[in-house]
There are 2 protein chains.
Amino acid sequence: MKISTKGRYALRLMLDLATYNTGEPVSIKDISKRQQISEKYLEQIISVLNKAGFVRSVRGAQGGYFLSRAPKDYTVGMILRLTEGDLAPVSCVGMTDVECDRIDSCVTNRIWKQLNDAISNVVDNITLDDLLSWQSELTDQYVI
Amino acid sequence: MKISTKGRYALRLMLDLATYNTGEPVSIKDISKRQQISEKYLEQIISVLNKAGFVRSVRGAQGGYFLSRAPKDYTVGMILRLTEGDLAPVSCVGMTDVECDRIDSCVTNRIWKQLNDAISNVVDNITLDDLLSWQSELTDQYVI
DNA sequence: ACAATTCATAGTAGAAAACTTGGAATTAAG
DNA sequence: CTTAATTCCAAGTTTTCTACTATGAATTGT
């Protein structure tokens, strides 16, 4: 029941793009330095985000990435589902419900549905914009 | 973010014991047949439940297992945490909070805490007794 | 031209999950 | 007292997944 590095890194990556959203594209190298994550691994993760249209890329020297929409338009759920795959605690209550021959008599199924709903309820109600404001709360503390 | 077979099997095992709670010990072999799970794998799982005192064993011929308490005294959370380990979505918000040097500036942390609470809230509020009544609802359907 | 970048694909080492194997210890039943 | 049914214990194995790493091509600003 753990979120993998891929999902966590994707979140930090997107938050980094949201934070350093100046108009200039942000390079993998910069993100890598700030987030302490290997450039190559980041490339792999951002490629998924890129293909899904979550980010826009600029190729060549001085290239990099932007968010393609406003921070408020990305939920944590969107980002995690894209990179982690389904967040359902068991496959039979996932987005693509895997068939299970015990389905009719399956009692535990009800647990997984409840869990799935609880998880979705959290991640679908936090946006990148929320993360940004949490972040500024945190930095404010240090400024005082 | 998946619950492993170990946890799911442990739940079904415990529910099986609760269901076939006649006074006679229930053997691994019987559970295995009913639940379609290999005897040997069940042995391994029940050994954990046994060591934790969740079940009582009777050795030798005609031996088997009992629940050591009433179904209402087992939450799904207890069973899953024992067999799965911590249910926290990332280790830094788990029962034994693993140290993380980014902790002070960590924004995503807040997500994981919320997720953790949501998950706990579900699994800690469903007992084996609830599962038993769900089960009888289901079987009633077929009886009609 | 060249250096900085993204893009694409494959490889790899280690860990974890999901079992399987083999056999010793215990005990009710005949 | 023997035997068959069972739990108990410790390793071994196979498969899958995670978390990267490696190599190099394609693109583009300076």
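## Residue classes near DNA strand C

In this predicted model, the surface near DNA strand C has seven nonpolar, 14 polar and seven charged residues. Near means that a heavy atom of the residue lies within 4 Å of the strand. Nonpolar covers Ala, Val, Leu, Ile, Met, Phe, Trp, Tyr, Cys and Pro; charged covers Asp, Glu, Lys and Arg; the others, Gly among them, are polar.

Local features need pLDDT of at least 70, side-chain atom pairs count only at pLDDT 80 or more, and totals for chains, interfaces and linings use all residues. Residues are numbered from 1 along each chain as written, chains are lettered from A and ligands numbered from 1 in written order, and side-chain values use heavy atoms, without hydrogens and water.

DNA strand C is surrounded by 28 residues. The closest are A:Glu43, A:Ser57, A:Tyr65, B:Lys40 and B:Gln44. H3(A) gives the largest share of this surface, five residues. Helices here are DSSP runs (H or I, at least four residues), numbered from the N terminus.

A backbone N or O atom of A:Ile28 is 2.9 Å from a phosphate oxygen of DNA strand C. For a polar side-chain atom of B:Tyr9, the distance to a phosphate oxygen is 3.3 Å.

H3(B) supplies the largest share of the surface, four residues. A polar side-chain atom of A:Arg59 lies 3.4 Å from a base nitrogen of DNA strand D.

Notes:
Polar contact = N/O pair within 3.5 Å; in protein donor to acceptor, adjacent residues only side chain to side chain. Helix = DSSP H or I, 4+ residues; strand = E, 2+ residues; numbered from the N terminus.
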